[in-house]
Amino acid sequence: MRQNRARAATTAVNQLMVRARDEDEMLQAACRVLVDIGGYRMVWVGLADDDEQRSISIAAIAGHEEGYLRAQNLTWADVPRGRGPAGLAIRTGKPAVAQRIASDPSYEPWRAEAMKRGYAAAAAFPLAGEDRPLGAIVFYSSEADSFDEHEMGLLAELADDLAFGARVLRTRKRLDITQEQLRQAQRLEAIGRLAGGVAHDFNNLLTVIMGYSELAMRTLGPDMPIAEHLKEIHACSQRATTLTRQLLAFSRRQILDPRNADLNEIVAGVTRVLKRIIGEDIDLSTIPTPDLWTVRVDPGQMEQVLMNLATNSRDAMPHGGRLIMETHNITLDASYAQTHPEVVPGDYVMLAVSDNGCGMNAQTMARIFEPFFTTKEKGKGTGLGLAMVYGIVKQSGGHIWAYSEPGDGTTFKILLPRVPGPPVPLPARDHRPAISGRGRTVLVVEDDPHLRRIITHGLSASGFNVIEAANGPEAIDLAASHTGQIDLLLTDLVMPRMNGRQLAEEFRRLRPGAVPLYMSGYTDNLIVHQGVLDAGTAFIQKPFSAQKLVEKIAGLLDERDRQDATAGGNVE
């Protein structure tokens, strides 16, 4: 009779496994069927919590006084010693039976409670995994000596079927997670391409607006009535510049200048600034890990990451709170990479930024890295801060995840790959005074006539002699025919007929003493690799002000003159 009920129960379990979509639901339904049809007093499934199988957690349970076992929140540290049928089945990978709980030594810790609740016999069967048991399913009977050989065979087959179903559902779940992560990455990539394209087109326009407003203010003077209007135009163009650079950061099209760095040093430097920005009602603390591994990042961009995350946390704590920045050395293995498919196993430095603010719900969490998505009221945020963080981390070869619950605060975790070699100390801040061109000659090559014109005006106003060219071939002709010295080539990167790099290579043969300076609104593969500036390449990113361009050119030429003087060359 008992064998017939066991056979009917196993058939019913196999039927429900075909329809199952979730592991927990499948195991719970199986336990319920085995109690209701199989006639067992209680059935439960325990899963091994870690690779060493040091503890079991209850995944599903049904039957007499099932609430008691759940209430114990059972975690058995003695599983490796095989105490109890469940522990023995998991440790050995073989069925284990206690035909008489009243006298079985493996039940010493729980015998009194088991007998009190009418459990006379128990049998446990391992749930086989790919390389170790996933856990065990345990059957309790109210009669001693009730598990015969035929029934044990049926239940062993059932356990194998359940284990196979659990493995399939786990694989399906990992696949679903991977597909969702891929969809999210593709969506962000598509948004990034659009944002990068828009930012690129605007950069030329903004450079023109900034240049002409600066030129007009310098020409008219501060006392003219129109000067205030020009200041507003210039200020708006600067704010627009910030937006386009945030878009470029998100789309991973900005230029990075990375170096081997110590994140502890970057965090320490930013902390001094943040304490003045986030307010006295927020307790800012850092937990640096000694002997932190080296990472390769653009220090300025990582400072921006920390500033944006801290500002986000401040807004989540309007009445004050706590903000923690900590660093750790971590090694990620293959099992971690299975649930995070974009991660390659290896050594990483983790930077965690945590607050105890209002937190975020799941709907908000799904969109936090999208550009222009914000939960702040109108006028309080652009929705580009976290988008910029995401882009910088990704372009630096890292990964970022957010963890949050409403009312429980938020933690952002950034993983950056470890690199060999010591960190390079951060450079001192450079406060360059106003600079003059001192009659030095610059060849400006830009296919946009409006931008070329304002660059020429700005450089001429600062004392440079300027030669203009609309494209590469025209610039080569001018370089060959010009009788005087040309000190610097300022060229756009993306131009028809001849790109900026091709022009610079040809220009060097004609004017070996001139310095090439590239300008562009976004990254490409001409002077960068995956957004990282080639070593020794001089670059200025659009949009830029006339003053910034003058400072950049003067700095490059001063450095060239110093090197010539050191080498014994003649400096004109």
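## A tilted pair

F369 is buried, and Y390 is buried as well, where buried means under 20% relative accessible area, exposed means over 50% and partly exposed lies in between, with a 1.4 Å probe and protein chains only. This is a predicted model, in which local features need pLDDT of at least 70 and side-chain atom pairs count only at pLDDT 80 or more, while totals for chains, interfaces and linings use all residues. Residues are numbered from 1 along each chain as its sequence is written, and side-chain values use heavy atoms, with hydrogens and water left out.

## Aromatic pairs

Rings of Phe, Tyr and Trp (its six-membered ring) pair if their centres lie within 6.5 Å, and planes under 30 degrees apart count as stacked, over 60 as edge-to-face and the rest as tilted. By this rule there are six aromatic pairs. One of them joins F125 and F139, which are edge-to-face, with 5.8 Å from centre to centre and 75 degrees between the planes.

F125 is buried at 1% relative accessibility, and F139 is buried at 0%. The ring centres of F369 and Y390 are 5.3 Å apart and their planes stand at 35 degrees, so this pair is tilted. Ring pairs also link Y40, F125, F139 and F147 into a cluster.

## Cysteines

The structure holds zero disulfides, a disulfide being a pair of cysteine sulfur atoms within 2.5 Å. C31 is buried, at 0% relative accessibility, whereas C358 is partly exposed, with a relative accessible area of 48%.
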